[in-house]
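I opened the file today to look up a handful of positions, one after another. These are my notes, in the order I made them.

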Amino acid sequence: MTNTHITAATAVLMAVAALTACGPGADSRQPRKTFIQEVRLTATPVKDQGRSPLCWVYAVLATIETEHAAQGDSVNLSPDYTARCRLAALARRCYLSRGHEAISLRGMCTTALHLLREQGAMPYDSYHQVQTVNYNALARRAMLAVRASRTLADADEAVARVADNAIGSLPTHVYMFGAEYSPIDFAQSVCRHDEWHAVTSFTHHPFGKPFRLEVPDNLMDDMFMNVPIDSLVERMRHSLRRGHPVCWEGDISEPGFSWSRGIADIRPGTPVTQQHRQQEFESRRTTDDHCMAITGMARDAQGRRYFIAKNSWGTGNRYAGYMYLSEDYVRLKTIAVLLHD
């Protein structure tokens, strides 16, 4: 923040923002923790989602990028393209519902997979804005454009103009290595329809069967395979050892989650059981806040295990944009994961 004169009201707003989904947490002066790297998959540069609720877009695209890097393939995908597609679809729903369905860019990891299948993808170099786009403000401008429109075609054109002004004009084709693709063709080349599957772990549904996960951002009623938490964590480990990243979705409102320190851990003595995990979810102390790409595993000096997460808040923390999530934190605070098939 460049303005050093912070009013009391602003200070309160900043404190609230630190607990908001997809936003950085409070600062800390604790020393940097040393880790022994066990698995570290190749990743594209850390991006910054800025003032937007689009962590689910950044995390899924980062996961796909690392999956290709592990195969020796260089892929860097455009979050702005995926976000624009979502904005356009929500604007249409807003118009057709006569404004009853607001334009909100929140979503889940599975929402991004829907967009890849239905709208395609673009390389980062083909479509991105150098200055980070304020998508919250963009959604408000799109809402105003929809309300001023008299036909669906008018609404589509008005929202397209709003997006063009904020992000830039949209290319109609993708050019990679001398070949021309449509966005749909390009998406199919980087992410098969059956390549990723969603997994969760809660006891209010039977294990071994999929169910519609009851969290506010599951707007598309996606199904998640339900397994015991021990199995979920072991599947994450197994995937990483085989060279496949994991997309993680979970709670970051805990006191032990510190963006500046780059650490997420639970309080000593907190039970890490399936029963306590369920209690935390049902009492709303575990909430669906944030998504990150898991690209590695590590241990600390005491031998405790951690997952290495590539975040989307820029590089301004102790580990240049990465977070170390203790295995206990993952066991207790995971909402869902995407695993490679």
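**Entry 1**

I started with L115 and listed its contacts, leaving aside neighbours within four places in sequence: W56, T82, R86 and G120. I note here that the model is a predicted one.

I then looked up where L115 sits, and found it in helix α4, which covers residues 109–119. Is L115 buried or exposed? Its relative accessibility is 4%, and the cut-off for buried is under 20%, so L115 counts as buried.

I went on to the rest of the helix. Eight of the 11 residues of α4 are buried, so the helix is largely enclosed by the rest of the structure. I wrote down the buried ones: C109, T110, T111, A112, L113, H114, L115 and L116. An α-helix has 3.6 residues a turn, so residues three or four places apart point the same way.

After α4 comes G120, and I read a positive phi for G120, near 85°. G120 is also one of the residues that L115 contacts.

I also took one distance, from L115 to C291. The two are 176 residues apart in sequence, and their C-alpha atoms are 16 Å apart in space.

**Entry 2: S201**

I looked up S201 next and found it in a loop, with β4 (196–200) on one side and β5 (210–212) on the other. How accessible is S201? Its relative accessible area is 0%, so I put S201 down as buried.

I checked where the side chain of S201 goes, and it reaches the backbone oxygen of V227 at 2.7 Å. V227 is also in the contact list of S201, which leaves out neighbours within four places in sequence.

**Entry 3: D300**

D300 is in strand β10, residues 290–300. I read 3% relative accessibility for D300, so this residue counts as buried.

What does the side chain of D300 meet? I found a polar contact of 3.4 Å between the side chains of D300 and K33. I also found the backbone nitrogen of R304 at 2.9 Å from a polar atom of the D300 side chain.

Leaving aside neighbours within four places in sequence, I have D300 in contact with K33, T34, F35 and Y306.

**Entry 4: H276**

I found H276 in helix α9, residues 274–282. At 14% relative accessibility H276 is under the 20% cut-off, so H276 counts as buried.

Which residues does H276 touch? Not counting residues up to four places away in sequence, they are T270, P271 and L332. For L332 I also looked up the spacing: H276 and L332 are 56 residues apart along the chain, and their C-alpha atoms are separated by 7.8 Å.

**Entry 5: two positive phi values**

For D221 the value is near 55°. D221 lies in the loop between β5 and β6 (223–226). At 48% relative accessibility D221 counts as partly exposed.

For A320 I also read a phi near 55°. A320 is in the loop between β11 (305–310) and β12 (322–326). Its relative accessible area is 41%, so I recorded A320 as partly exposed.

**Entry 6: the chain as a whole**

I finished with the values for the chain. I counted 10 helices and 13 strands. The radius of gyration is 20 Å, close to the 20 Å that the globule rule gives for 341 residues, so the chain is as compact as a globular protein of that length. Along its principal axes the C-alpha trace spans about 60 × 55 × 40 Å.

How much of the chain is buried? I read 52% of the 341 residues. The accessible surface comes to about 16100 Å², and carbon and sulfur atoms hold 52% of that surface.

I looked at contacts between residues at least 6 apart in sequence, and 76% of these join residues at least 24 apart.

The chain has 37 positive and 36 negative ones, and their mean positions are 5 Å apart.

Methods. Residues are numbered from 1 along each chain as its sequence is written. This is a predicted model: local features need pLDDT of at least 70, side-chain atom pairs count only at pLDDT 80 or more; totals for chains, interfaces and linings use all residues. Side-chain values use heavy atoms; hydrogens and water are left out. Helices (H or I, at least four residues) and strands (E, at least two) are DSSP runs, numbered from the N terminus. The radius of gyration is taken over C-alpha atoms; the globule rule is 2.2 Å times the number of residues to the power 0.38. Buried means under 20% relative accessible area, exposed over 50%, partly exposed in between (1.4 Å probe, protein chains only). Contact means heavy atoms within 4.5 Å. Accessible areas come from the Shrake-Rupley method with a 1.4 Å probe; for residues, only the protein chains shown count as cover. Lys and Arg count as positive and Asp and Glu as negative; His and the chain ends are not counted. The place of a charge is taken as NZ of Lys, CZ of Arg, CG of Asp or CD of Glu. A polar contact is a pair of N or O atoms within 3.5 Å; within protein, one must be able to donate a hydrogen and the other to accept it, and residues adjacent in sequence count only if both atoms are side-chain atoms.
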